[in-house]
Amino acid sequence: MKSSTPVYISGYGGYVPRLRLPTADIAKLWKGGGSGPNKAKSVANIDEDTTTMAVETARDALSMSGPCEIGAIFVGTESKPYAVKPTSTIVAQALGIHRTLASDFEFACKAGTEAMQVITGLIGSGMISNGIALGVDTAQGRPGDNLEYTAGSAAAAFVLTNDHANPIAKIEYSTSYVTDTGDFWRRQTESFPRHLSRFTGEPAYFHHVQSSVTQLLSETNLQPSDFKYAIFHQPNPKFPIQVAKRLGFTSEQIEPGLLNPIIGNPYSASSPLGLVSTLDIADPGDRILLASFGSGAGSDAFSILVEDGILNKGENHIPLSDIINDNREIDYATYTKLRGILK
Amino acid sequence: MSVSYWRNRDRYFRIIGSICNSCNHESFPNFYTCNKCNSEDISDKEMPNNGKLISYTVSSESMPGFEKELPMSIGLIKLNNNVNIVAQIVDSDLEDIKIGANVKAVFRKILADGDSGQIYYGYKFKVVNTKK
Amino acid sequence: MNSLKIKISGTGLTKITDHWSKSLVDLSVESAKQAISESTILPDMIIFANTLSSYSSSQENLSTIISEKLGLSNIDSFKIESSSCSGAMAVNIANKLLHSDDIESILVIGSEKMTDLSPSETIKATTLGESYEYTQFFGITMNSLYALFSRLYMENYNISSDALSNFSVLSHKNSSSCKHAQFNREFSLDSINKSSIISSPLTMLNCSPIGDGSASVMLSKNNKSNFADVDILSSTSSNSSVDFYSRDNLLEFNSTSNCINKSLEESKVNLDDIGLLEVHDVVPAITANIIETLGFSKPGSATSDIMSGKYDLDSKISLSSSGGLKARGNPLSATGIYQIAEVTRQLQNRSHTDLQNKKIGLCHNMSGIDANSVIHILGLSN
């Protein structure tokens, strides 16, 4: 898919809560020792939720893009504080924006990139000039379940625009691939998701990511070597490394965007945050592959070309690595107090 | 309570106070008459979201609904426009909460009305720039 | 004001404690009956001072309910509320009314029931006088506001929290023999400093307690009681901003300073003449700041003054002779009336202390952090 008028990223922001739970603490309780596949995961504080992180990161993205007329605010999340009442209108109010589309998107971990796709279309059609796409989650894993090691919290936001004056990056092309594949789900009144263990691998993650990326490469005639960086959704540290290899991408290409080992999997923010991390170190002319995966299931793939504007991120921008490095460890007892409180 | 929250949400989300159009004096919360020059020519104004701590305390008792947030750090902040504001201080190491510390406003949950009521959001502050 | 001096012709007060088995009405009737009995007359009007009745007892129109329970009807009855200085404010209003009307007597009853509430509801109760929208809503407590002020005071004058605890030591020393006081025991400086932190740097034994109580005074143009005449030499009140931190000078108590100036002028009394001093001693730094604002100590010197014994019970000016808010107790709207009743009894030589030659007393009652101040100067008629 390619929009008829070019669409760019004019601002971006990433937010990771300060608190970290070492997976060794989880393993000590539930397995008697060892650790999870990732070293630690980020944990939202007692007064943080999807909405608070969305507001913070939207403000950062707008600070970078500068004031512009926003026509869409879409928050992709699977941990909405309200089952019914949009997070996006609270974000809009906090930004002082009212004449806008606003909606929450749900598609497991690909809701954020879904928002990027739709806003790209709205801008490309000329209906709006700018929009904010967010991927935000305070992911929960059932205590003692494998997902508990990786389910983390974070937010990423992108201001997309038709303004070609001095953009950060251009959305060159995108694809999307979906099937009905119930690898991971949560019923309405349940607190925690359920999943089908190893089934979440081949039939789910790998099939969909490989499908969307293969289609993108085919339709654009691009090779993996045409990309400087690649970001894949990161449910654990291993899957993105494996799918990269299968698709022909190297470990150097995926390294800047690989955050799961230190913050876990913040679901809708996972691959978007990898893009934030990568944009923090990218240079004009770099091409970036972004491929998300959402259970249910589907994958969005993007080809993004970095522009000169990447050199003018503004003095207010704090690199994601600084945000991630300013962390404080908590223990499992504190984690249980923070989890599920002030829902 | 929820209607009062709705009425004030812009003030809570964006720290909106007042500016006197006659003498440029700013105030938070908003005023109806300038308390410097008595002019009634007042407009809404967003306060700066940065400032310095001029006093602080750590409380071990709480208002109803805030029990799980103890101990609670509270600061008296002089914003960059010289307006003083009292707010919770969050995500800050205790040794960094001191007079003169630089603080920045953050958007946080204030209270949730149980499991089925509304969630109230608003401003808090956190200490920044502690590294040299 | 004309030259007429209104008299405190009757006093009544209950013990301050957790009165589990007494309601707000029970306590009010108890102290009111004492005041009526002492004065030997019936009131033409009842003014009820209270701030929490809706919140803690789901009850309004208590002035009329109490009037009925006292067997009084066909008189005026209403409530006065100005947060924690409601008590003294009610006396102030009664004094004004008696000066301007042809009524003979007004019964002022101040009552508060704080212990029917849960601990966190009690915290809210003490914070109701602060902004709902910008203080209560954010979970900021009254004690945390006191603590923010205290730290500013300490930084400004370079006085430690430990040294400030001397105010609490004196309060408990004075209340130990006062039957109606909430606390009847002394505490050492060390135990006050080591008590648990409520809101840093304030420790539990430095914060005025929660308790139930009622105090009443009968104000009248003529004294029909068997006790010596005690006149209201002046009754003044003043207000300032509610948010203390919005002021130009955060340590300035303009309400208190306006009040003391008006009081000294109205009463024609000098600070030197005052032998009994009751202030709104919620926490030590505020106590010190009040005493300095009133002019009894130089700015920053109240702590060293108290340490040198200037305000001891047996000195020229006795501070908190019944223990003050800290040790006698602070049932919000009753507190201002406890102060007045206690000073009246001291002057009449019928209190737990045996202080000689006390002719004039000053009672200072306050809401919030100097949002309102009310000052009464009482003196024995010559």
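This is a predicted model: local features need pLDDT of at least 70, side-chain atom pairs count only at pLDDT 80 or more; totals for chains, interfaces and linings use all residues.
The secondary structure of chain B consists of 1 helix and 8 strands. Along the principal axes, the C-alpha atoms of chain B occupy a box of roughly 45 × 45 × 20 Å. Chain B contains 132 residues, of which 44% are classed as buried.

Chain B is in contact with chain C through 25 residues, which meet 27 residues of chain C. On the side of chain B that touches chain C, two or more residues are given by each of α1 (2-14), β4 (50-59), β5 (72-79) and β6 (84-89) of chain B. The largest share of this side, 5 residues, is provided by β4(B). By residue class, the side of chain B that touches chain C divides into 13 nonpolar, 10 polar and 2 charged residues.

Contacts are also found between chains A and B, where 19 residues of chain A are in contact with 15 residues of chain B. Within chain A, α2 (50-65) and α3 (87-95) each supply at least two residues of the side that touches chain B. The largest share of that side comes from α2(A), with 4 residues. The side of chain A that touches chain B comprises 7 nonpolar, 5 polar and 7 charged residues.

Note on methods:
Residues are numbered from 1 along each chain as its sequence is written. Chains are lettered from A and ligands numbered from 1 in the order in which they are written. Two residues are in contact if their C-beta atoms, placed from the backbone, lie within 7 Å. Ala, Val, Leu, Ile, Met, Phe, Trp, Tyr, Cys and Pro count as nonpolar, Asp, Glu, Lys and Arg as charged, and the others, Gly among them, as polar. A residue is buried if 20 or more other C-beta atoms lie within 10 Å of its own, exposed if 12 or fewer, and partly exposed in between; C-beta atoms are placed from the backbone.
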